[in-house]
Amino acid sequence: MQLLTPKEMTETYIQGGPAKCSRSALELLLLSIMAGIFIGFSGATTNTAAFGFENANVVRMVCGLLFPFGLAMVLLMGAELFTGNTLLLMPLLSKKITVPQMLRNWGIVFFGKFLGALLVGGGCAFFGQLNQQNGALAVFTIRLAVNKCTMPVENAVVLGFLCNFLVTVGVLAGLSAKDVPGRIMGAYVPVMYFVTGAFEHSIANMYYISAGLFAAQNETYRAAAQTAGLALENLTWGNFLLGNLLPVTIGNILGGFAV
């Protein structure tokens, strides 16, 4: 058969838990940086494809169609995804790993993902990728970052929960297939749902908000954003890390546990 049953799929992940937790710190870091770069590419690509549309529904649909390929690359390349690794609760409950092992994995992978997303965000903001249509892409990127930084904390937690419920379903569905097209489609549909539904993904936000923060340091982009009426005083590293990333991450962890 080309498809694992749900029981087989779950058992496969549980048996793979010790291997994920026994990787060296350097290996985990490099694999998580790779995953952060893949998700950063997804964010950069969806912003570039969608910024020219005025209709919000069209923007969500375009982003939903394109973004999931980032998770597919993560799965196919064996990279380490923090939000997917919330599923380590399963081998923990099966006594295949310990709490310190799980937390070590999460800490290294979260940090590596942040580095990878910052690399893509900085590359786009500082080296001209956001110049398209005379900086209109930069204004779009800054607007998205401002909106995320001003989101109520309770919204960030709940939307993060809903997001990672879908992402972890996508990870498991991707692992259930034995061929490449099946793995891609298994991951694709749930992630397409979360992006189109405008749920909150901590790793994606590492790109979306950092790119907006970096773009706002460019005087031309900043002036264009102010002309567009954006409240740049709300776009700060504090609002990013504490006002968005922390509550979204908490929601992501709970969503992964729920699956």
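Biologist: How many nonpolar, polar and charged residues are in the lining of the second largest pocket?
Modeller: In this predicted model, that lining has 8 nonpolar, 6 polar and 4 charged residues.

Biologist: Which elements give two or more residues to it?
Modeller: Those elements are α1 (6-22), α4 (69-77), α5 (82-85) and α9 (153-176). The largest share comes from α1, with 6 residues.

Biologist: Which residues lie nearest the centre of the second largest pocket, and what is its volume?
Modeller: Of its 18 lining residues, Y13, K20, L75, A79 and L175 lie nearest the centre. The volume of this pocket is about 370 Å³.

Biologist: And what volume does the largest pocket have?
Modeller: The largest pocket has a volume of about 560 Å³. It is lined by 27 residues, and N47, V59, R60, F140 and L144 are the closest to its centre.

Biologist: Which element gives the most to that lining?
Modeller: Helix α8 gives the most, with 7 residues. The elements that each supply at least two residues are α3 (56-66), α8 (132-149), α10 (180-196) and α11 (202-215).

Biologist: What is the make-up of the lining of the largest pocket by class?
Modeller: It comprises 18 nonpolar, 4 polar and 5 charged residues.

Biologist: Turning to the largest nonpolar core, which residues touch the most other members?
Modeller: I142 and L235 do, in a core of 75 residues.

Biologist: What does L235 touch, leaving out residues up to four places away in sequence?
Modeller: L235 touches I142, A145, V146, C149, I209, G212, L213 and A216.

Note on methods:
Residues are numbered from 1 along each chain as its sequence is written. This is a predicted model: local features need pLDDT of at least 70, side-chain atom pairs count only at pLDDT 80 or more; totals for chains, interfaces and linings use all residues. Side-chain values use heavy atoms; hydrogens and water are left out. A nonpolar core is a set of buried Ala, Val, Leu, Ile, Met, Phe, Trp, Tyr and Cys residues joined through side-chain atoms within 4.5 Å. Buried means under 20% relative accessible area, exposed over 50%, partly exposed in between (1.4 Å probe, protein chains only). Contact means heavy atoms within 4.5 Å. On a 1 Å grid over the protein atoms alone, a cavity is a set of points where a 1.4 Å probe fits but cannot get out, and a pocket is an open set with protein on both sides within 12 Å along at least five of seven lines; lining residues have an atom within 4 Å of a point. Grid points are joined across faces, edges and corners, and a volume is the space filled by probe spheres set on the points. Helices (H or I, at least four residues) and strands (E, at least two) are DSSP runs, numbered from the N terminus. Ala, Val, Leu, Ile, Met, Phe, Trp, Tyr, Cys and Pro count as nonpolar, Asp, Glu, Lys and Arg as charged, and the others, Gly among them, as polar.
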